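Good morning, colleagues. Please turn to the sequence and the model on the screen, and I shall take you through a few points.

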Amino acid sequence: MAFKLTDYEAYDFANRRHIGPTPKEMADMLKVIGFKTLDELIDATVPPAIRQKEPLDWGDALTERDALYHMREVAGQNKVLTSLIGQGYYGTTTPAPILRNILENPAWYTAYTPYQPEISQGRLEALLNFQTMVSDLTGMDIANASLLDEATAAAEAMAMAKRAGKSKSNASAFFVDQNCHPQTIEVIRTRAAPLGVDVTVADPAELEPGAYFGAIFQYPGTYGHVRDFSAEIAALHEHKGLAIVAADILSLALLKSPGEMGADIAIGSTQRFGVPMGYGGPHAAYMATTDKLKRAMPGRIIGVSIDDRGNKAYRLALQTREQHIRREKANSNVCTAQALLAVMASMYGVYHGPDGIKAIAQSVHRKAARLAIGLEEAGFSVEPEVFFDTITVEVGPLQETVMQAAVQQGINLRRVGTTKVGISLDEQTRSETLEAVWAAFGISRKDIRPEVPPYRLPDAMLRESAYMTHPIFHKNRAEAEMTRYMRRLADRDLALDRAMIPLGSCTMKLNATVEMIPVTWPEFANLHPFVPEDQALGYKYMIDDLSDKLCQITGYDAISMQPNSGAQGEYAGLLTIRNYHASKGQGHRNICLIPTSAHGTNPATAQMVGYKVVPVKSDDDGNIDVADFRAKAEKHSKDLAGCMITYPSTHGVFEETVQEVCQITHDHGGQVYIDGANMNAMVGVSRPGDIGGDVSHLNLHKTFCIPHGGGGPGMGPIGVKSHLTDYLPGHPELNQAIGPVSAAPYGSPSILPVSWAYVLLMGGAGLTQATKVAILNANYIAARLKDAYPILYTSSSGRIAHECILDTRPLSEQGNITVDDVAKRLIDSGFHAPTMSWPVAGTLMVEPTESEPKDELDRFCDAMLSIRAEAQAVIDGKIDADNNPLKNAPHTVRDLVGDWDRPYTREQACFPPGALGVDKYWSPVNRVDNVYGDRNLVCTCPPMSDYEDEA
Ligand SMILES: *Cc1c(COP(=O)(O)O)cnc(C)c1O
């Protein structure tokens, strides 16, 4: 299946759609770099010792039409029943305007994490709405912008309580309400073990408050109980313990909030705010806390600040808590979270408003009450007495009969113990659903709504406090207005649908529409994660087939699809290593060697599994200092758990010593974790499993085309060698012995069709070609820019891999032009900045990916060269050092209409090379002041009066 550089077929997805440059353009680019053919470039770039022996091959690539046909067939093997299983996942209706204008809109789903606030004001506002909604409903002071799922949010809350708690005597015991969802309990157990935390699972009535640093309670409980935990919380506080409350977000519209009970931390899922169940994910978990604890909270927090003109502007707040800065001392390893899903949930809040949400909650409750009455009148015993949406019915020996009868009616119920059945109702439940459930219990009954709606809520817990009072939740109700609101926000942002996002390490490549189409098919979107296996055969086929291809791609023997982000994959991988050592009686091994250039999630993750991080230096060429590595491995030989390295390195180079580093680790009894975030430089060319890796995570939201969603979702499956397969994370729903790392058995499976479509459409040869072109595009940019910006690191042959670091520090030294100035000036040209100040402070890391056509690469290079010329003018004293296009960037329309006292023209300011004439992107705000925002922390929507002042 040799690739022909000169001609291709009409429906050749890989070469015509996915890969940016044409063969002719590639030939021109190769000339600029100094090579005759693509393969010559690759041979000079990738060290022979690590080259893959066999080409990737699983038959011909599929055309778009055939791929969709095939996927339809496979999706058809999933059976979409009405799932009333509950347990944290509920039917919900995605409002059609949100489905089309957010979930299916590349302006939202192809955006990057909002690190550059000026070009992210739209999604920052949507996420701030999310935080405001969550703070209000939970009655807490401050909320973050999402976590990965409810179970991991609970585990994060436990770790946060341990960190922030003042209870000295009981620093290692944690109490878990037995009414938490089973998967929440299991993920807490998994997380607790390496931290040395003892977990007690029991009835809150048995809580001995002095014995724990913290406790988690849940309402409604997994079997439906609604309880007020105020007394338990007060008792905990007396002993300096912290209280976490897991609460169903919809129930809070009717029930007293966690804040009103005195909770220190509230967590939960916002799935039922318009996000399909998706067989387990993705959806946004929430976490909220008190003002006192805000600095200890994990995850991203959006805050309000001001820009250079003093106008309100949003940006990420309190970033100094995060792994990129604090590494193994970070609050958590959470990096990619669930931004897109948080945006959907927040828009659901905007769309319905507090009265709409309340009406939905009431309707769900009334349906549950009617259901209970019908069962009770037929003689069944229903628990609990008061409930919100979930009831548990005693059926004695009839459990299997009722479960099966329900399936015959097209309904999944929950098996509880051996004699009970659980039922959770939701927004989508109809009268026919209730009648079908009754029928499954042998009851023939019509659902008639009584004049006075039945009501089974606990009176003492009815909510009296207001929520979602901000004007944003009281506007935009008419669809015309709602549509315009979503459009306005989208227009403020720069996503991949407008320009290349050349982010080193983050691999912002094409998210092809055809790959996205199956995500919203009901057969993928509407499955509950705990349906019987025979209803999810399509998922099984897809997961197996994708896993099989990922094994071929990586050289590993097995894949776990559970981790729902790269950092989660790291955690799952290190846990696997830890389990493995323990099984060999080597549980004391706890040293993890990590190069100083590693991504911040690496050390943050190592700390979470109880490992001690020993940093390893880089040499002058940016490579791992092998002598230092060897010395540290020898020194810690007895206790060496392993190392975490990234390949190709975070410096953008294929290190020639990688096999040696792996060998040293193995010689000392350690295991090798290869961070797979840079797989876009390897697929089809080299395999981590062949060069010495024992385990790696893949960022499917980087290399395998799942869109970034403005900061999530993601999938971070791990591949392992065969000796580790028995130690992978399991899941109680799959009856596996080793604990889970995610709430759902396969993490966020409803976005797997994206990656699966990608590998089907590309085929082995197409994927390999993509890797080669990624390397070509990067080397082309390096060749064009190297005289203007020194390339920090290259291999011994002078080549870079798929990304490179441009050194902007000389500009700073000679002209006080900072890396920020360069990044913000790029906005004037319509570009998102490359990765800034990582892995080397004061530099830019550029990764173009294979999807960018030559024109776009040239537009970017032209912009960068023009910035270099502007910097030179400053250095040469030809323009004012403080009043110049770089320092004043980005330029806004407000600049244009104000007084103009600048030593450069408006034309130069607003239309530098790269800016697209009439299609120019205008930054909605001037440069955002980060420090001001952290000093004056506001993390909920500002009052309306602020907006009026501004206007
Ligand atoms: C992106 C990245 C990660 C973290 O992945 P998330 O999905 O954001 O958690 C880890 N390591 C490297 C090198 C990365 O680029």
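How far apart do the end C-alpha atoms of residues 473-730 lie, and what percentage of the span is helix and what percentage strand? In this predicted model, those end C-alpha atoms lie 41 Å apart.

Let me now turn to the ligand. There are 14 residues around the ligand, and those that come nearest are Thr336, Ser505, Asp675, His701 and Lys702. By class, the shell divides into 8 polar, 3 charged and 3 nonpolar residues. Helix H20, residues 566-583, gives the most to this shell, namely 3 residues.

Thr336 places a polar side-chain atom 2.6 Å from an oxygen atom of the ligand. In the side chain of Asp675, an N or O atom is 2.6 Å from a nitrogen atom of the ligand. For His701, a polar side-chain atom lies 2.6 Å from a ligand oxygen atom. The ligand taken alone exposes 380 Å², and the protein buries 99% of that area.

Finally, I would draw your attention to Ala436, which has its place in helix H15, residues 431-440. Is Ala436 buried or exposed? Ala436 counts as buried, because its relative accessibility is 10%, under the 20% cut-off. Leaving aside residues up to four places away in sequence, Ala436 touches Gln409 and Ile411. Between the C-alpha atoms of Ala436 and Tyr580, the separation is 48 Å, with the two residues 144 apart along the chain.

Definitions and conventions
Residues numbered from 1 in each chain as written. Predicted model: local features only at pLDDT ≥ 70, side-chain atom pairs only at ≥ 80, totals over all residues. Heavy atoms only, no water. Near = heavy atom within 4 Å. Polar contact = N/O pair within 3.5 Å; in protein donor to acceptor, adjacent residues only side chain to side chain. Areas by Shrake-Rupley, 256 points an atom, 1.4 Å probe, with all protein chains shown as cover. Helix = DSSP H or I, 4+ residues; strand = E, 2+ residues; numbered from the N terminus. Nonpolar A, V, L, I, M, F, W, Y, C, P; charged D, E, K, R; others polar. Buried < 20%, exposed > 50% of the residue type's maximum accessible area, 1.4 Å probe, protein only. Contact = heavy atoms within 4.5 Å.
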